[in-house]
Amino acid sequence: RFYQLAQTAGIRVPRTCQSGRGLAQAMAEMRGPFLVKPRRKGDWSGIQRSLFDGRGKARVFPTREALLAHPAFARLENELIVQEHIESDVSGLVSFHAFADERGEILASFCGRKLRTWPRFAGESSFIELTADASVAAAGRDIAARLGLQGPFKIDLIRDAQSGELYVLEINARFNLWHYLGAVHGVNLPEVAYEHQVHAVN
């Protein structure tokens, strides 16, 4: 549903298809390599063990045939999302964090990027930093306006190593651990939210 919403809003996202909806045929119209990840962020440890070699939050398959031939694919097919893989290193994983009021006006924001994850591909963040990245800030503000985002949100993007274009991976409408780092550097989004909600400060 997010992929469809992004397409409607004119937001650049990796081409995506959901399993259980003619996946083999849909993949034939996509370019490889293929990134595979869980449809739901709940209990997906079984997918990690069976399809991701017990590591990371996703896996890349070089070809459609390699994915379809994996012994666990048929059993797990209905729990997966497949995307065209965007080539990038870890530092190409960037993010835009903000708080917007009821009209969608952004009251405060900051940008960040990952420097290290464990495992290296599709792993959990282990080293992050804030950045002064005008391209990420502009993309984040444009996406927020197109979708009418309100409240706290984090937009995860990836920078294509070849073209330099930014693609949206996901949007989380909640507070998160990045906000500790933002507060240390003077952009305290939870405090901005509190002041706005309690004292009507813009």
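Predicted model: local features only at pLDDT ≥ 70, side-chain atom pairs only at ≥ 80, totals over all residues.
**Exercise 1. A salt bridge at Asp133**

Which side chain meets that of Asp133 in a salt bridge, and at what N to O distance?

*Solution.* The side chain of Asp133 meets that of Arg159 in a salt bridge, with an N to O distance of 3.1 Å. The pair links distant parts of the chain, since Asp133 belongs to the loop between β7 (124–131) and α6 (134–147), while Arg159 belongs to strand β8, 26 residues apart. For the accessibility step, recall that partly exposed covers the range between under 20% (buried) and over 50% (exposed). Asp133 has a relative accessibility of 22% and therefore counts as partly exposed, and Arg159, with a relative accessible area of 24%, is partly exposed as well.

**Exercise 2. Further salt bridges**

Determine how many salt bridges the structure holds, and describe those of Arg103 with Glu105 and of Lys154 with Asp156.

*Solution.* The structure holds 12 salt bridges. Arg103 is exposed, at a relative accessible area of 64%, whereas Glu105 is partly exposed, at 41%. The side chains of Lys154 and Asp156 form a salt bridge at 2.6 Å, N to O; here Lys154 is buried at 10% relative accessibility, and Asp156 is buried with a relative accessible area of 11%.

**Exercise 3. The surroundings of Asn172**

Is Asn172 buried or exposed, and which residues does Asn172 contact when its neighbours within four places in sequence are left aside?

*Solution.* Asn172 is located in strand β9 (residues 166–172). Its relative accessibility is 16%, so Asn172 counts as buried. With the neighbours within four places in sequence set aside, Asn172 is in contact with Pro152, Phe153, Lys154 and Asp156. Two of these names return from the previous exercise, in which Lys154 and Asp156 form a salt bridge.

**Exercise 4. Strand β5 and its partners**

Explain why strand β5 (residues 93–100) can be called largely enclosed, and identify the strands with which β5 pairs.

*Solution.* Seven of the eight residues of β5 are buried, and therefore the rest of the structure largely encloses this strand. Turning to its pairing, β5 runs antiparallel to strand β8 (residues 151–159), with eight bridges between them, and Val94 has Leu157 of β8 as its bridge partner. β5 also runs antiparallel to strand β6 (residues 106–118), to which seven bridges join it, and His97 has Phe110 of β6 as its bridge partner. The hairpin of β5 and β6 has five residues between the strands, and in this hairpin Gly104 adopts a positive phi near 85°.

**Exercise 5. Aromatic rings**

How many aromatic pairs does the structure hold, and how are the rings of Phe96 and Phe153 arranged?

*Solution.* The structure holds two aromatic pairs. In the pair of Phe96 and Phe153, the ring centres are 6.3 Å apart and the planes stand at 40°, so the pair is classed as tilted. This pair links distant parts of the chain, with Phe96 in strand β5 and Phe153 in strand β8, 57 residues apart. Phe96 is buried at 0% relative accessibility, and Phe153 is buried with a relative accessible area of 1%. Rings also take part in charge contacts: Arg12 lies over the face of Tyr167, 5.8 Å from the ring centre, and the charged end of Arg55 sits over the ring of Trp118, 5.5 Å from its centre.

**Exercise 6. Strand β2**

Assign the side chains of strand β2 (residues 34–38) to the two directions in which they point, and name the strands that pair with β2.

*Solution.* In a regular strand the side chains alternate between the two faces of the sheet. In β2, Phe34, Val36 and Pro38 point one way and Leu35 and Lys37 the other way, and all are buried. Three bridges pair β2 with strand β3 (residues 59–61) in the antiparallel sense, where Phe34 stands opposite Phe61. Five bridges join β2 to strand β4 (residues 80–84), again antiparallel, where Pro38 stands opposite Leu80.

Terms used
Residues numbered from 1 in each chain as written. Heavy atoms only, no water. Buried < 20%, exposed > 50% of the residue type's maximum accessible area, 1.4 Å probe, protein only. Helix = DSSP H or I, 4+ residues; strand = E, 2+ residues; numbered from the N terminus. Pairing = 2+ DSSP bridges. Salt bridge = Lys/Arg side-chain N within 4 Å of Asp/Glu carboxyl O. Contact = heavy atoms within 4.5 Å. Phe/Tyr/Trp six-rings, centres within 6.5 Å; stacked < 30°, edge-to-face > 60°. Lys NZ or Arg CZ within 6 Å of the ring centre and 35° of its normal.
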